[in-house]
Amino acid sequence: MIDKLTESLYRSKTAYHAVAVAQEYLLAAGFEKLEETAAWQIKKGGKYFVVRDGSAMVAFKVGEGFSFPIVASHTDSPCFKIKLNGENSSAGCTRINVEKYGGLLMYTWLDAPVKIAGRVITADGGKVSSKLVEFDETFVIPSVAIHYNRTANDGVKFNPQVDMQVLAALGDGKNVMREAEEKADGKVLDYDLFVTAEQKPFKCGFNEEFICAPRLDNLTSVFSSVEALIRADASAIPTIYLADNEEVGSRTKQGAGSSFLRDVLLRVSYALGKTEEEFRIALGNSFFVSCDNAHGVHPNHPELSDSDNKVLLGGGMVIKHHANQNYTTDALSSALFKHLLDAAGVKRQDFFMRSDLAAGGTLGAISSAQLSVRSVDVGLAQLGMHSYSETFASADYIEAVRGLTAVLSAEFLAENYSTVNVKSPVFRA
């Protein structure tokens, strides 16, 4: 399972590639692809998925019950996006002009191998289509020598327009668009190309208990949810949502702020012959797990974490809490999640941010504006979030697959808003 994860991480250079890898796994497991532009024929016992714009996906199974246990994660990670016409010459070299995508730790990207990957848009007659590409070449963003900046180790403020341009070639004449056209074998009208981390995932530690890799946030959640859906018993309609653009606010047609998830669930309901009233009742019996990674206690800086809630690498799944609702967790949703994990024998721990530090957000709260469902925010503990390369304990990935499988196999039946009956194989074992 871990080797499959590391392979998936390396292949998923961008959100587009992550969805392509997830699609490959689902097709191999017998899922059927649906198109938003066609009518859907859905039956009980079926397994389906739909992709929006190449970078977001909703996948589901159809069981006997009519409600939706949902696990949501995001396919994008902080990196650099290449501008059109961005090549320029300096000091006898060609550089590629980029802009930041998301809140990345810029210094970690210096002097490290990077690739160019994403999608290109081509035209053939009246047909405009997109194609995934990944350049074979490796590039670098060079740092400034300490001899030119003697205070570098005292802290440096980076200007992305100046400091983060990519070293592309000696001399000039190289052009991203022309290179993209060679890869696409046709005329390219536009592109969504990114500079992404090239480092291969690797195990480290005396017992190789850690994995270091780019894009752990949040592809560990993406692929654990895919694996969990494939394994899950379909008591109801287990669903996973792989959303794009969480790192830049989610307010896109393929992000958690869009109607994508609600559109799919409503179409599933209608295809099964359900009324809108029955759909609303189903939402009342549904459960939403926003799965996005969490900050583990940093061994070199334990003072940055809450003193009474130590989230440790290797400690299992993390339930994230925040009084101001940066996370959607409340006592009932947390208890439901903990109840399932305990019954499945999955390790768990609670995360609270230090009260004097600002907490990050997830796609959970944004999704709630589109789909008002009882929700909990969870994740895996990691170090170096938003770095070129991040670190987590491989044992936690096993716990995540087991825990999310338990959630997706369950059916949540609310007697009222304060009492929920959970039907799950883990309680019958």
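**Close-up views of a predicted model**

**Figure 1. The largest nonpolar core of the predicted model.** This core holds 51 residues, of which Met57, Val289, Met317 and Phe337 touch the most other members. Helix α4 (residues 216–231) supplies the largest share of the core, namely seven residues. Another core, of 31 residues, lies apart from it and includes Phe80, Phe135, Ile141 and Val176.

Figure 2. Within helix α1 (residues 2–11), the buried residues are Ile2, Leu5, Thr6, Ser8 and Leu9.

**Figure 3. The open five-stranded sheet.** The strands follow the order β11-β12-β20-β19-β15, and their pairing is mixed. At the edges stand β11 and β15 (294–295), each of which pairs on one side only. Strand β15 runs parallel to β19 (residues 381–383), and two bridges join them. For His295, the bridge partner in β19 is Gln382.

**Figure 4. Helices α1 and α9 against the strands.** Helix α1 lies across β11, β12 and β20, and runs at about 15° to β12. Helix α9 packs on the sheet, where it touches β12, β19 and β20. The direction of α9 makes about 65° with that of β20.

**Figure 5. Two residues with positive phi, Glu208 and Arg215.** Most residues other than glycine have a negative phi. Glu208, although not a glycine, has a positive phi of about 55°. This residue is found in the loop between β11 and β12. Glu208 counts as partly exposed because its relative accessible area is 48%, which falls between the limits of 20% and 50%. Arg215, likewise not a glycine, has a positive phi of about 65° and is found in the loop between β12 and α4. With a relative accessibility of 9%, Arg215 counts as buried, since the cut-off for that class is under 20%.

**Figure 6. The cis peptide bond between Asp217 and Asn218.** Most peptide bonds are trans. The bond that joins Asp217 and Asn218 is cis, with an omega of about 15°. Asn218 is found in helix α4.

Terms used:
Residues are numbered from 1 along each chain as its sequence is written. This is a predicted model: local features need pLDDT of at least 70, side-chain atom pairs count only at pLDDT 80 or more; totals for chains, interfaces and linings use all residues. Side-chain values use heavy atoms; hydrogens and water are left out. A nonpolar core is a set of buried Ala, Val, Leu, Ile, Met, Phe, Trp, Tyr and Cys residues joined through side-chain atoms within 4.5 Å. Buried means under 20% relative accessible area, exposed over 50%, partly exposed in between (1.4 Å probe, protein chains only). Helices (H or I, at least four residues) and strands (E, at least two) are DSSP runs, numbered from the N terminus. Two strands pair if DSSP finds at least two bridges between them. Contact means heavy atoms within 4.5 Å. Axes are lines fitted to C-alpha atoms, for helices over the stretch in contact, and angles run from 0 to 180 degrees between N-to-C directions.
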